[in-house]
Amino acid sequence: MTFNEAIKSSRVVLVEFYASWCPHCQRMMPVVAQVKELLDGKVPVFQYDIDKETAAADEAGVRSIPTFIIYDDGVEQWRHSGEIDGEVLLTKVDSFKDKY
């Protein structure tokens, strides 16, 4: 599935851009795994390694990592770069729950 297909695969989609060498990204891995588990069946979560998915990172305008983006019907609605508390991330995604 391409990046464009992924962000349009569901009404609301959460995307994370990361790198395996990034310490902030590594700290976010268990947080994202938990958020992904809690959202299972409601909101798809796509993770892109910027070293392997450079075109997707460029298309999304990613300049720092980790970067989290919420898309609604393929249109970016929210973005956060850097570490973020899992509850805050989940609350942000849940703010779109009337759309999923």
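How many aromatic pairs does the structure hold by the ring-pairing rule? The count comes to four, where rings of Phe, Tyr and Trp (its six-membered ring) pair if their centres lie within 6.5 Å, with planes under 30 degrees apart counted as stacked, over 60 as edge-to-face and the rest as tilted.

This is a predicted model, in which local features need pLDDT of at least 70 and side-chain atom pairs count only at pLDDT 80 or more, while totals for chains, interfaces and linings use all residues. Residues are numbered from 1 along each chain as its sequence is written, and side-chain values use heavy atoms, with hydrogens and water left out.

**Aromatic contacts**

The ring centres of Phe3 and Phe17 are 5.9 Å apart and their planes stand at 55 degrees, so this pair is tilted. Phe3 lies in helix α1 (residues 3–7) and Phe17 in strand β1 (residues 12–18), so the pair ties together parts that are 14 residues apart in sequence. Helices (H or I, at least four residues) and strands (E, at least two) are DSSP runs, numbered from the N terminus. Phe3 is buried at 8% relative accessibility, and Phe17 is buried at 0%; buried means under 20% relative accessible area, exposed over 50%, and partly exposed in between (1.4 Å probe, protein chains only).

Phe17 also pairs with Tyr48: their ring centres are 5.5 Å apart and their planes at 25 degrees, so the pair is stacked. One aromatic cluster is formed by Phe3, Phe17, Tyr48 and Tyr71.

**Salt bridges**

The whole structure contains four salt bridges, each defined as a side-chain nitrogen of Lys or Arg within 4 Å of a carboxyl oxygen of Asp or Glu. The table lists some of them, including two that involve Arg11.

| Salt bridge | N to O distance |
|---|---|
| Arg11 and Asp72 | 2.7 Å |
| Asp73 and Arg11 | 3.2 Å |
| Arg27 and Glu83 | 2.8 Å |

Arg27 in helix α2 (residues 23–39) and Glu83 in the loop between β4 and α4 (86–94) are 56 residues apart. Arg27 is partly exposed at 46% relative accessible area, and Glu83 is partly exposed at 35%. Shared partners join Arg11, Asp72 and Asp73 into one salt-bridge network.

**Cysteines**

The structure holds zero disulfides, a disulfide being a pair of cysteine sulfur atoms within 2.5 Å. Cys22 is buried at 3% relative accessibility, and Cys25 is buried at 0%.
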